[in-house]
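Me: I'd like to talk through the aromatic rings in this model with you. Could you take it slowly, please?

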Amino acid sequence: VGGVLKCLIYLLVEVFQGSLEWLYLANFLDGICGQHLVVIGCVFAYLYDIIPDENRSHRFLFTQGCCYLGGLVNGTFQGVLVDQYGYTVAIGTAVGFYSFLVLYIIAILPESLTNKDKSVSLKKCAVKTVNAFSVIFKKRTPGTRRRKLVILFVVVAIISCITLGNADLV
């Protein structure tokens, strides 16, 4: 939803030659709605719910690869649209894709959980977040691949920081 709002404001600024200060509002609304990180988090949560344990790692890696490949294709595609047709068409296309995604999730995608936990609290969220990182600090027998796990975690953190720095459409 944040992406749709952001792109709509960008589109209005482009079409009506509005003040660039409106882009601050667009980025603020996108940030409040969680930007693309919410979408990625929801995708991984959905995969966790529907994929058996033995296939989960492979599917998560494949999905992460698709995210990075999608970013490359999107950047190239949007660049061609801007060069050929201008910002209005490029931003309008982004609004269309975001809107399609929202409608697909609401109308077509089936619910993955049969038993929903209706109790939500900040404490439960914090505990689950800390537990997610416990795999790094878990006691392991000598000769295991802990060093590789830590290196992988650091590399993913660096790549995520670089990706977040280059995440804007325009």
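Me: Is Phe-100 buried or exposed?
Reply: Phe-100 counts as exposed, at 54% relative accessibility, where exposed means over 50% relative accessible area, buried means under 20% and partly exposed lies in between, using a 1.4 Å probe and protein chains only. Please keep in mind that this is a predicted model, in which local features need pLDDT of at least 70, side-chain atom pairs count only at pLDDT 80 or more, and totals for chains, interfaces and linings use all residues. Residues are numbered from 1 along each chain as its sequence is written, and side-chain values use heavy atoms, with hydrogens and water left out.

Me: ok, and how many aromatic pairs are there?
Reply: A search of the whole structure finds two, where rings of Phe, Tyr and Trp (its six-membered ring) pair if their centres lie within 6.5 Å, and planes under 30 degrees apart count as stacked, over 60 as edge-to-face and the rest as tilted. Phe-44 and Phe-60 make a tilted pair, 5.0 Å centre to centre with 50° between the planes.

Me: where do Phe-44 and Phe-60 sit?
Reply: Phe-44 is in helix α3 (residues 35-50) and Phe-60 is in helix α4 (residues 53-85), so the pair links distant parts of the chain, 16 residues apart, helices being DSSP runs of H or I with at least four residues, numbered from the N terminus. Phe-44 is buried at 17% relative accessible area, whereas Phe-60 is partly exposed at 25%.

Me: what about Phe-100 and Tyr-104?
Reply: Phe-100 and Tyr-104 form a stacked pair, 6.3 Å centre to centre with 25° between the planes, and both lie in helix α5 (residues 87-107), four residues apart.

Terms used: Helices (H or I, at least four residues) and strands (E, at least two) are DSSP runs, numbered from the N terminus.
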